[in-house]
Structure formats: C-alpha cells, structure tokens
Amino acid sequence: MQPAGGSKRVTITDVARSAGVSTSAVSKVLRNAYGVSPAMRERVQTAMAELGYRPHAAARGMRGRTYTIGVLLASIRNAFYADLLEGVDAQLRNTEYALFIGSSVSSELEDQTKLIHAMVDRQMDGLILIAPAVPRSEVVRIASEVPTVVIGHHDPSPAYDCVVNQDGAGVDLVVDHLVGLGHRDIAHISHPTVRGSQWEQRPEHHVRAAYHAAMARHGLTDLARVVHSGYSDEGGYRGARELLTSTRPPTAVFAGADVAATGVFRAAAELGLRVPDDLSIAGYNNTSVAALAPVSLTSVDQAGAMMGETAARLLLERIEKRRDRAVVMASTPHLVTRGSTAPPRA
C-alpha cells in the first residue's frame, strides 16, 4: 500500500492518514512518548509497516534525536569485542536505535579521536567506547555533551558510566589454577601502556597488578615476569618467543587476552613445544576461539555479552533521561578450564 506516485518517500502524514490518527499521534509513537496507548501504538506501527515508512534520520536529528548509537572498537581482530557487540545488539534489538560501529584498526590516539569526533558530528544520540585510547580528558569533554559509556577502563567520572570486569578476581583464578597444578615459573604477557591517554586504570593495569600480587601471595615474587608485547596474535607470538627462548623459559604463560594466547600457541609450535605437555597456556576473555577443539584454551570468562548488554542499557537510561548520575557496573569472572593447562613435566 504505497501513496500515489509510488516513488515518493512515505511521510509521517501518509502514516497518519493510513492509521486514521493525527500526525502528532504518529510523532508521539516515534518518540516513544509517555501517554500513548497500546492500541494507538499498534495502529501506527501497523501503518508504518504496511507503507514501508522509515523515519528521516536528518530530520529527526534536527528535532533533537537521530536514534543512532556509535560504538568505538580499539581493534577488529579481538574476538572479545564481538561478544560485547552481541550484548549491545541484544539490548537494542527491540528499540528504534540503530548501531554504528567504528574501528580504528590501530590503537593510535589520533585515529580513535577522529572516529569519535565523526560520530559526534553525525549527531549520534550516545556513544559506547570499548577500551578507548583517546585521552581521558577528551572523553570527559565529549561525555558532557553526548551520553557515553566506557567499557573496560576502571577510571570513573561523573560524566560517563563505566562497565568493567573484576579483573583482580579473574587473575587470581588463573594464577591459583596454575599454581594448583604445580607451576611456579608463570610468566605474563601484557599490553604496553598507551602513552598520553591519561587513563590510569586500564584493564591491563589491573591485570598486571593482580598478577604480581597473586604471585607474591604464593611466594613466587622472584619468578614473576611480564612482557609488554601487546594484546594481538603478533604480540602474543613475540612475547612468547622472548620468554620461551630465554635462559629460564617458563612452564606456563598467562596471556592477558585470548587473542594474544593464540600467538603463544604459534610460538610454542615453532619451537617444538607441546601444549600442555611442555607448556601450559591460559588466556583471558573466554572468546569463541578458546572453545575450538584444536585450541581448547583455559581462559577467564568475563561475560562479554552481558557487559555489552549492560552498557547499552545504561546508555539508553542516559539518553532517555531516566538517570543523571554516573554508575560503575562490574561483572564477576569465572575460570573455564580446558586442555591447554596441565601439571608441569617432572
């Protein structure tokens, strides 16, 4: 059922005429305004579906809302981000909000800053920033204008909401598991500090500190080693090569992200080491890759989908002015043990 002319874009007036209501009633339904009866909403939504009506994004933006949400990814190669996005999408699926994803491919400050500014310039209603390298002061400034949720970083602010994992508890689970198997020489592959970002409590900071604390708790301070080679397959590979070719190779490697753990597998294979017979490997995130049979990676589950869902819910509360105070939501991790960890060789 198309309006006369066929090719003309369907308007709010066409919807109102088809539904037998006023244009203001249609507008209220589109804005999800208070006081719209279920029967009215159903009539209008039925008319919109029959006519193929799509709200004009630019016009909606001029009226104060575009029903778009931007998500910034630090990398498209980290499978954990896919888990987060799955949760965000699940929360937004039955709403009018459309999700737009921006990935800088690199963690360069300039690239990420440019992407965020592009989202703001396009009048997106809210932003979800996943482990941003953008200077914290810039995020605070933007969040004072656009509702924002930061995932990963433990640096709270009245300007934005935070969704984090209890990283200290997650690391304790890994180290306790490896020590319980009999390992003492347990090395950690971490991510280098992003200079100039002003974030003092990035996830890798918490994980490193918790690793040192857990090793000390087990009386293994002198055996603690950290390589800052990065959360990527290549970073894990380079870090593992450095550790495994040293004069005292570890019996276990704990990678701060599953994507880095895959690089450890690659380095171990090149050096003729069998996992877990010669080397135990543990990761962090429990991504879909960890569960693959050839990988079978022991990993800390951060409930990524739930974190993404929480972030989207908090953002909608901000956008729709149901809350004006910042909150920090923390998920509780648990360890999923698989075939990549075993007692060290005698």
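Reader: Which residues of H8 and H9 meet in this predicted model?

Author: From H8 come Asp167, Gly168, Val171, Asp172, Val175 and Asp176, and they meet Pro203, His206, Val207, Ala210, Tyr211, Ala214, Met215 and Arg217 of H9. Contact here requires heavy atoms within 4.5 Å.

Reader: What is the make-up of that contact by class?

Author: The contact of H8 with H9 has eight nonpolar, four charged and two polar residues. Gly counts as polar in this scheme.

Reader: Why are H8 and H9 called oblique to each other?

Author: Helix H8 (residues 167-181) packs against helix H9 (residues 203-217) at an angle of about 45°, and their axes are 8 Å apart. Roughly parallel needs under 35 degrees and roughly perpendicular needs 65 to 115. The pair is therefore oblique.

Reader: What is the hand of the crossing of H8 and H9?

Author: The crossing in which H8 passes H9 is right-handed.

Reader: What makes strand E1 mostly covered?

Author: Buried means under 20% relative accessible area. In E1 (residues 68-73), six of six residues are buried.

Reader: Which way do the residues of E1 point?

Author: Thr68, Gly70 and Leu72 point one way, while Ile69, Val71 and Leu73 point the other way, and all are buried. In a regular strand, side chains alternate between the two faces of the sheet.

Reader: How do you know that E1 pairs with E2?

Author: A pair needs at least two bridges. Six bridges join E1 to strand E2 (residues 98-103), and the two strands run parallel. Among the bridges, threonine 68 has alanine 98 of E2 as its partner, and leucine 73 has serine 103 of E2.

Reader: What is the order of the strands in the sheet?

Author: The sheet is open, with six strands in the order E2-E1-E3-E4-E5-E11 and parallel pairing.

Reader: What makes E2 and E11 the edge strands?

Author: E2 and strand E11 (328-331) each pair on one side only. From one strand to the next, the twist averages 15°.

Technical notes. Residues are numbered from 1 along each chain as its sequence is written. This is a predicted model: local features need pLDDT of at least 70, side-chain atom pairs count only at pLDDT 80 or more; totals for chains, interfaces and linings use all residues. Side-chain values use heavy atoms; hydrogens and water are left out. Axes are lines fitted to C-alpha atoms, for helices over the stretch in contact, and angles run from 0 to 180 degrees between N-to-C directions. Helices (H or I, at least four residues) and strands (E, at least two) are DSSP runs, numbered from the N terminus. Angles under 35 degrees count as roughly parallel, over 145 as roughly antiparallel, 65 to 115 as roughly perpendicular and the rest as oblique. A crossing is left-handed if the near helix is turned anticlockwise from the far one by less than a right angle, and right-handed if clockwise. Buried means under 20% relative accessible area, exposed over 50%, partly exposed in between (1.4 Å probe, protein chains only).
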